Amino acid sequence: MNAEFWLAKWRQNEIGFHTPCPHHALVQYFSRLGLAPGGRVFVPLCGKTLDIHWLLEQGYKVVGVELSRLAVEQLFAELGIQPAVFSLSPEIMVFEGPDIKIFVADIFVLTHAILGPVDAVYDRAALVALPEDIRVRYAQHVMEISRKSEQFLICVEYDQSRLSGPPYAVMAHDVERYYGQAYNIASIERLPVPRGIKGKEPGFEHVWILQGHDAAPASDQKI
């Protein structure tokens, strides 16, 4: 699992992870964060997700990071936005338009100073895209560069021994291990994945809200 794996997926248009509509949980539950219109939402490993379209339509600002320039070019084309494109460093290219900024880069080269302030993190397909050894580092990095902003997190759960990722299984105890010291963790929804993981293995999609310990609880169900 390395950068070339994902770049090749985009070049070959093998993007079964890209869905044709905004995620239902985003639409149904994102308001539980209590984020005001104009709030800045960080979308890590964003691809060209239609979730970004939805966030913009709700009046939020979006900042994302994506390894593939091709994915980001397609995102802006589908948004109908002609972006300003410039190089921030040899490792970071920026695509920017009204209320949206996407870094074409490895997420680990981003710092808080580069990312800027964010009000929430929307992680639908980033944590589950990474193997365990990188996931631990990723979780710490996202908390660091976002200054532990609250998170709307979507994970998949299944028997990892029966099927290789990505997407990788991220169970409830994993979420607690990665984020429990920094956040109150609320379980919002857990539903079976239609047709299973990759159409092969039964699994669940689990929606979490992660908020600071002094925040009002998003749900009565906690871990």
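A word on the model before we start. It is a predicted one, where local features need pLDDT of at least 70 and side-chain atom pairs count only at pLDDT 80 or more, while totals for chains, interfaces and linings use all residues. Residues are numbered from 1 along each chain as its sequence is written, and side-chain values use heavy atoms, with hydrogens and water left out.

Let's begin with the helices. Helix α6 covers residues 132–146 and helix α7 covers residues 172–179; helices here are DSSP runs of H or I with at least four residues, strands are runs of E with at least two, and both are numbered from the N terminus. The two axes come within 9 Å and cross at roughly 45 degrees. Those axes are lines fitted to C-alpha atoms, for helices over the stretch in contact, with angles from 0 to 180 degrees between N-to-C directions. So α6 and α7 are oblique to each other, given that under 35 degrees counts as roughly parallel, over 145 as roughly antiparallel, 65 to 115 as roughly perpendicular and the rest as oblique.

Who meets whom? On the α6 side we have Glu 132, Arg 135, Val 136, Tyr 138, Ala 139, Gln 140 and Met 143, and on the α7 side Arg 177, Tyr 178 and Tyr 179, where contact means heavy atoms within 4.5 Å.

The largest nonpolar core has 37 residues, and Phe 42 and Tyr 179 touch the most other members. Such a core is a set of buried Ala, Val, Leu, Ile, Met, Phe, Trp, Tyr and Cys residues joined through side-chain atoms within 4.5 Å. Its largest share, five residues, comes from α6. Leaving out residues up to four places away in sequence, Tyr 179 touches Leu 127, Tyr 138, Ala 139, Met 143, Gln 151, Leu 153, Ile 185 and Leu 210. Apart from this core lies another, of 32 residues, including Ala 25 and Tyr 122.

Now, is His 53 buried or exposed? With a relative accessible area of 14%, His 53 is buried; buried means under 20%, exposed over 50%, and partly exposed in between, with a 1.4 Å probe and protein chains only. His 53 sits in helix α3, residues 50–57.

Last stop: Val 85, in strand β3, residues 84–89. At 38% relative accessibility, Val 85 is partly exposed. Val 85 and Glu 157 are 72 residues apart in sequence and 38 Å apart in space, C-alpha to C-alpha.

Thanks, everyone!
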